[in-house]
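The following paragraphs lead the reader through one protein structure, beginning with a single helix and then widening to the chain and its surface. Please keep the model in view while reading.

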Amino acid sequence: MNTMPEFWIVVLVALATIGIVFFLFPWLAKRGHNVEPVIDAIGTGIESIDKMTDAALIIAPDLPFLKQLDSIIALCQTGYKYAEDLCNAGKIGKGEEKEKAATEIIIGAIKDLNLDIEITPEVESLISSLLRITATASHVLEK
């Protein structure tokens with residue numbers, strides 16, 4: 001089964017989610033609207049994408065790409081937290097070093113867990129994007 005159309009649907013929905021969380025909400029907040037309850041309900045950007053993926057799995061449980069994406073999202077959440085802990089402990093630096101450590105953790109977990117996910121440049125790009133969303137959302141929501 002060709003999963004490329006599903007991949008692009010998920011990418012578009014993820015980009016829409018990012019646009020809402022990082023552009024629409026701040027714009028509404030500047031206009032005086034109270035968006036804090038909505039932001040609290042959404043949580044971080046990666047959690048938003050995770051919720052969207054969970055909903056899509058309910059609607060279309062037979063799409064293998066969604067199951068793989070759900071696994072990657074769960075690993076990104078864990079990998080980001082672990083890399084953040086390593087950074088806070090002074091074992092790794094910030095920025096690219098932290099992203100590289102988190103990416104290695106995630107790819108290692110995919111291999112160790114024998115998930116049916118081939119590590120392609122597209123998957124590495126997806127992991128990188130999800131990690132950046134998580135990092136950005138984490139810092140935006142901490143302020």
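**Helix α5 and its surroundings**

Helix α5 spans residues 96-112, and its 17 residues reach 24 Å from the first C-alpha to the last, close to the 24 Å expected at 1.5 Å a residue. The expected span of a helix is 1.5 Å times one less than its number of residues. Helices (H or I, at least four residues) and strands (E, at least two) are DSSP runs, numbered from the N terminus. The model is a predicted one, in which local features need pLDDT of at least 70 and side-chain atom pairs count only at pLDDT 80 or more, while totals for chains, interfaces and linings use all residues. Residues are numbered from 1 along each chain as its sequence is written, and side-chain values use heavy atoms, with hydrogens and water left out.

Within α5, the buried residues include Lys98, Glu99, Ile106 and Ile110. Buried means under 20% relative accessible area, exposed over 50%, and partly exposed in between (1.4 Å probe, protein chains only). The side chain of Lys98 is joined to that of Glu84 by a polar contact of 2.6 Å. Such a contact is a pair of N or O atoms within 3.5 Å; within protein, one must be able to donate a hydrogen and the other to accept it, and residues adjacent in sequence count only if both atoms are side-chain atoms. Glu84 belongs to helix α4 (residues 64-88) and counts as buried because its relative accessibility is 18%.

Just after α5 comes Asn114, with a positive phi of about 55 degrees. Asn114 is a residue other than glycine and lies in the loop between α5 and α6 (121-142). Because its relative accessibility is 69%, Asn114 counts as exposed.

**The chain as a whole**

The protein chain has six helices and zero strands, in the order α-α-α-α-α-α along the sequence. Of its 143 residues, 41% are buried. Where contact means heavy atoms within 4.5 Å, 61% of the contacts between residues at least 6 apart in sequence join residues at least 24 apart.

**The surface**

The chain exposes about 8,800 Å², of which carbon and sulfur atoms supply 60%. Accessible areas come from the Shrake-Rupley method with a 1.4 Å probe; for residues, only the protein chains shown count as cover. Leu24, in helix α1 (residues 4-30), counts as partly exposed because its relative accessibility is 36%.
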